[in-house]
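Q: I would like to learn how to read aromatic pairs in a model. Please take me through one.

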Amino acid sequence: MTVGSPFRHILNFSIPLLLGSLLQQTYSLIDAAIVGRFLGINALAGVGASSSVIFLILGFCNGCAGGFGIPVAQAFGAKDYSRMRSYVANSYWLATGISIFFVIICTLLCDNILHIMHTPEEIFSDAYEYLLVTFIGIPCALFYNLIASIIRALGDSKTPFYFLLFASVLNVILDFICILAFGWGAAGAGIATLIAQGVSAICCLIYMRTNFPLLKMSYEESRIKTKSVKTLLLMGVPMGLQFSITAIGSIMLQSANNALGATCVTAFTTAMRIKMFFMSPLENLGIAMATYVGQNLGAKRIIRIWYGIRTSLSMTLFYWIFCATLLWFTAEWISSLFVGIQEQKIIEYSALFLHISCFNYIFLGILTTLRYTLQGVGFTRLALNSGVFEMIARVCVSIWIVPATGFLGVCWGDPIAWMSADCFLIPAMIIVYRKLKSKYNLEAGLKNL
């Protein structure tokens, strides 16, 4: 990614990421559709009642995994392969410790978490079963995302997609088996996802060990090294905390929504699954930017970072127009696939949520491009601070706007948070780019474009 057209590199790298993410969101949608259609709206509400908590925990774990890949990409771009292998080995040790910690803590506190979130009694049992299984599956999700992040850091975004394609098909098959054949209810959806992610992680690991000779490390490189651990934590933890801090605001927002009753919870669950599907291209465009700028920083080609930002924002603009047009006409129909045409109130609320969200995707696109760019060039604390702005905005919406306006306030929670983060990220990115230009020889970067 350090030579040639930035547009071509970012687009080619983003497409497998996008397809993989769409696959993840597709089987998430299928999970919700199967639960809603065959188990009823209470079960669907139960699956969705804890989605922000799941985002809090898995967001931190997966954020750390993505952050661990950044030093790998930088070392790879600098052709320092011994240091790169040390980062890979130490990321495994860190992921193991993080997994064990969160599985123990989260499973013990599962019941308390749902009570704190004001989960309605009629959906509490389904919510508890689904959340517990999800917490048990934390190691599967974390290691898949870590291994995929390492493979992408080496410039290969296609292989994780192929394994994810297999896992997605497996997840759908297991949904029918666990929910319909075995009758495991909402927990069955969680079990199906757990197994699918575990299989995907194992396949990625086998492939990486077989096909990347650069990653075959010596005993010395595989040992725990304080310097490597520190570098990984400085990149991974702020990236994980960024997701978690954002999720704290989401938990507040979902808790306020839960208090509005099961109808609003179901509408929120339905709309969120659809929203995540359509916003995944923007998220993956940001992930591609992190690898792109990481490699170019390692190669000291700073001018290419600016060209990459400009390219990513142009792609965001076109995608925003597409989403706003499509969802304006199809939001109600898509929502009806989850709960049935007879649930008019749920469909109406879900469509309202989607209309407001999609017309503000441009702000989300700016957020993902700039946030991941800051992470890729090593300014993870600034990316973390943008998450604080998101959190504060969602908390304010939860405390003041939702009680006054009801579900309409819930619909505006995310867009207001995106705008707040952008107000911080835009000036922060300008300052960082100026620092990079002064630190490195920009003329050399121009010559090597």
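Q: How many residues apart are tyrosine 319 and phenylalanine 322 in helix 12, and what separation is that in helical turns?
A: First, the ground rules. This is a predicted model, where local features need pLDDT of at least 70, side-chain atom pairs count only at pLDDT 80 or more, and totals for chains, interfaces and linings use all residues. Numbering runs from 1 along each chain as its sequence is written, and side-chain values use heavy atoms, leaving out hydrogens and water. Helices are DSSP runs of H or I, at least four residues, numbered from the N terminus. Tyrosine 319 and phenylalanine 322 are 3 residues apart in helix 12 (residues 303–339), so about one helical turn separates them.

Q: How is a pair of aromatic rings described?
A: By the distance of the centres and the angle of the planes. Rings of Phe, Tyr and Trp (its six-membered ring) pair if their centres lie within 6.5 Å; planes under 30 degrees apart are stacked, over 60 edge-to-face, the rest tilted. The count here is 14 aromatic pairs. For tyrosine 319 and phenylalanine 322, the centres are 6.1 Å apart and the planes at 40°, so the pair is tilted.

Q: Is tyrosine 319 buried or exposed?
A: Buried means under 20% relative accessible area, exposed over 50%, partly exposed in between (1.4 Å probe, protein chains only). Tyrosine 319 is buried at 17%. Phenylalanine 322, at 46%, is partly exposed.

Q: Which parts does the pair of tyrosine 361 and tryptophan 418 tie together?
A: This pair is tilted, with 6.0 Å centre to centre and 55° between the planes. Tyrosine 361 lies in helix 14 and tryptophan 418 in helix 17, so the pair ties together parts 57 residues apart in sequence. Both residues are buried.

Definitions and conventions
Helix = DSSP H or I, 4+ residues; strand = E, 2+ residues; numbered from the N terminus.
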